[in-house]
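The following report concerns a structural model and is arranged by topic. Please consult the sequence and the structure shown below while reading.

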Amino acid sequence: MAEDILKEQVAEKLSSLGAVEIIVGIPSYNNARTIGQVVKAAQAGLLNSFPDRKALVVNSDGGSQDGTQEVVEKASVDTQALMVVRHPLHPIHRLTTPYHGLPGKGSALQTLFRITEAARARALAVVDADLGSITPEWFNLLLQPILTWEFDYVAPYYTRHKYDGTITNSIVYPLTRALYGRRLRQPIGGEFGISGRLASHFLARDVWNTDVARYGIDIWMATTAMAENFKVCHANLGGKIHDPMEPGLDLSAVLVQIVGTVFRLMETYDLVWRNVLGSLPVAMLGLPFEVTPEPVTINVQRALASFQQGVRDLLPVYEKMFAAEQLRELKLCAALSVDGFVLPDELWVGLIYNSALAYHRRVFDREHLLKSLMPLYLGWVASFARQSENETSAQVDGRIEKLCLVCEQLKPYLLNQWPLQAGEKG
Amino acid sequence: MTVMKTFWQQAILGPLRDLGQQALASLSSLIGILSLILLGIIVGWVAKEIIYRVLRVLRFDRLCDRLGVGLVVERSGLARSSSYLAGEIAQGLIILTALLAGLNGLGTPLTRNLVERVFLYLPHLLAALLVMVVGVLVSRFLGRSVLIAAVNAGLPSARLLAGLTRFFVMVLTVVAALDEVGISRTTIIVTFAILFGGVVTAAAIAFGLGARDLAHDLLKSQFSPKKRPEDEDTMRHV
């Protein structure tokens, strides 16, 4: 029923606009404070960069109560090229906040992909509604690679503080790079551009009513694009300032959402990543920005205390996931003081690989397994923060690169341990 | 002479003949019972071996290990593996059925009554067994949930909380299982209520008297948390 209403709405708009080549999607939920600036930037960006191409700005709203839609309509300088739709937001979306801070982002993206498919648009750029640092240039960077160079997925690349995005730096980037062989630096960035054909490809997948769409849609899109050989690139967007993450959001729940999706996708694409060794760079489009990122502070003492308690109290849980040698090393690390604390890359990568294996083998409840990773992750954070305390951004990048290389070097261990599928045996 | 002969036949030989016939009948019943038990033992042994091997092929032991039942079986020394225990349970049930069928074959009111009572009691015994298995699984799951949540929240007594969770779930389970088999139902419930109520009251008094300041600080931090500047961090994990 909702789909039919949407079809009618889109058909009506398209009949008044004619063929649309570009769509900019802005999913929102109670973003009245910031969305006006985003809409203005989008329309200015489209006018500057693509003046001769027909474009449409679509706000897909999850039922905001703060007047978001009115702000969108007021901010728009060209109401003819603006469309405001509502995506369904189920009670579960309101109850469980996903890590990207927007309830029902999967539902919003599905709506935007449907509109893209119905309009037969060539490119879609999606930006968050809570951005404070967005500029019109972003739309050129996200859309031009698709329209000019036939890329299918444009991932964002932000200039970030060395302590910003620690789950990405410690787990998501090294693991997806080692698995799929593509150096996609920020696979859970939030903003992205995709081709019309990739939007249709995503729409056809049976994930829209699953936890993947609810909590892990960004990493799912990036992984699917890499694993299914779509052309991917980065767009250098500079700094990103957005509303802070939901204050009540539990870190262990974030780990369940992100790492759980990465591990689940390892099962989906095991025939793909088992044939990949090493990695290739991903094209970077856009000039490097001179940006001073927002400062980020880490309480190393507290992170280390959490790691030490985890190793002490969760040992019966870790015994089911990790090898005896890894447990011995963990105990040795936990005995170190904050000044000498280091969690070696080899140990960290081994723990991640064994966690993925334990998840795959369903050694015990999967949510328990993912939540039990929190103290170990905080151990990595403490070790990383302590070692990189006086390092420059370039040196920190070198540190992350070293971790990624260890992840690639130890991949044969994962390959040996990962059970073969029934048809592959013998 | 004739009188003596009649007396001999009626008073001595007659009862002896009857006794012999009865003994013969009892002997045949006994042989029947023994044959049934022997058959039960053989069928039970074969069933145990089949169940054990089939469950091993189906990786039943791995499933039990994941659920935490394997560890309980191993630690209790009940059997060498969960699949072997399942086989042994099946064997025991078959032998018990054969024994009861044999006893029923005797046809005396006593044995018939005994068989009837055992058969009526058996479903309760199986239900109690099921309650125990489910209880063990639930206690392990909840214990692990509490342990991980408490560690992630940085509570220093995480293991104690997890242990208490497992303990209370197991106490509830044992009470429910004993209640199912009908062992001193009222006594168990009253004992449990007194024990549980006593522990809670003692804990409340101890906390109220011995840790009044702690309770005050805990409630204050809960309802008006104020972080120290050195505790602040602005990490964005994603």
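In β4(A), A125(A) is the bridge partner of V24(A). That pair belongs to the parallel pairing of strand β1 (residues 22–28) of chain A with β4(A), which are joined by four bridges. Two strands count as paired if DSSP finds at least two bridges between them; helices (H or I, at least four residues) and strands (E, at least two) are DSSP runs, numbered from the N terminus. A125(A) also has a bridge partner in β7(A), namely G193(A), and V126(A) stands opposite F192(A) in β7(A). Strand β7 (residues 192–195) of chain A runs antiparallel to β4(A), again with four bridges.

Strand β4 (residues 123–126) of chain A is covered on both faces: A123(A) and A125(A) are buried on one side, L124(A) and V126(A) on the other. A residue is termed buried if 20 or more other C-beta atoms lie within 10 Å of its own, exposed if 12 or fewer, and partly exposed in between, with C-beta atoms placed from the backbone.

## Basis of the model

This is a predicted model, in which local features need pLDDT of at least 70 and side-chain atom pairs count only at pLDDT 80 or more, while totals for chains, interfaces and linings use all residues. Residues are numbered from 1 along each chain as its sequence is written, and chains are lettered from A and ligands numbered from 1 in the order in which they are written.

## The sheet and its helices

In chain A, eight strands form an open sheet of mixed pairing, in the order β3-β2-β1-β4-β7-β5-β8-β10. Its edge strands, β3 (82–86) and β10 of chain A, each pair on one side only. From one strand to the next the twist averages 25°; axes are lines fitted to C-alpha atoms, for helices over the stretch in contact, and angles run from 0 to 180 degrees between N-to-C directions.

Helix α2 (residues 35–49) of chain A packs on the sheet, where it touches β1 and β2 (55–61) of chain A, and its direction makes about 175° with that of β1(A). Helix α3 (residues 68–75) of chain A lies across β1, β2 and β3 of chain A and runs at about 165° to β2(A).

## A covered helix

Helix α10 (residues 217–227) of chain A is mostly covered, with 11 of its 11 residues buried. Among them are W220(A), M221(A) and M226(A). Just after α10(A), N229(A) takes a positive phi of about 60°.

## Domains of chain A

The domain assignment, which is automatic or from a database, gives chain A domain 1 (2–285) and domain 2 (300–420). Taken over C-alpha atoms, the centres of these domains of chain A are separated by 30 Å. In contact across the boundary are 25 residues of domain 1 of chain A and 25 residues of domain 2 of chain A; contact requires C-beta atoms, placed from the backbone, within 7 Å.

## Contact between the chains

The contact takes 33 residues from chain A and 18 residues from chain B. On the side of chain B that touches chain A, α5 (109–152) and α6 (158–181) of chain B each supply at least two residues, and α5(B) gives the most, with seven.

V296(A) lies in the loop between β10 (283–285) and α13 (300–313) of chain A. Leaving aside its neighbours within four places in sequence, V296(A) is in contact with H161(A), Y163(A), D164(A), T234(B), M235(B) and R236(B). Why is V296(A) classed as partly exposed? V296(A) is so classed because 17 other C-beta atoms lie within 10 Å.

Terms used. Two residues are in contact if their C-beta atoms, placed from the backbone, lie within 7 Å.
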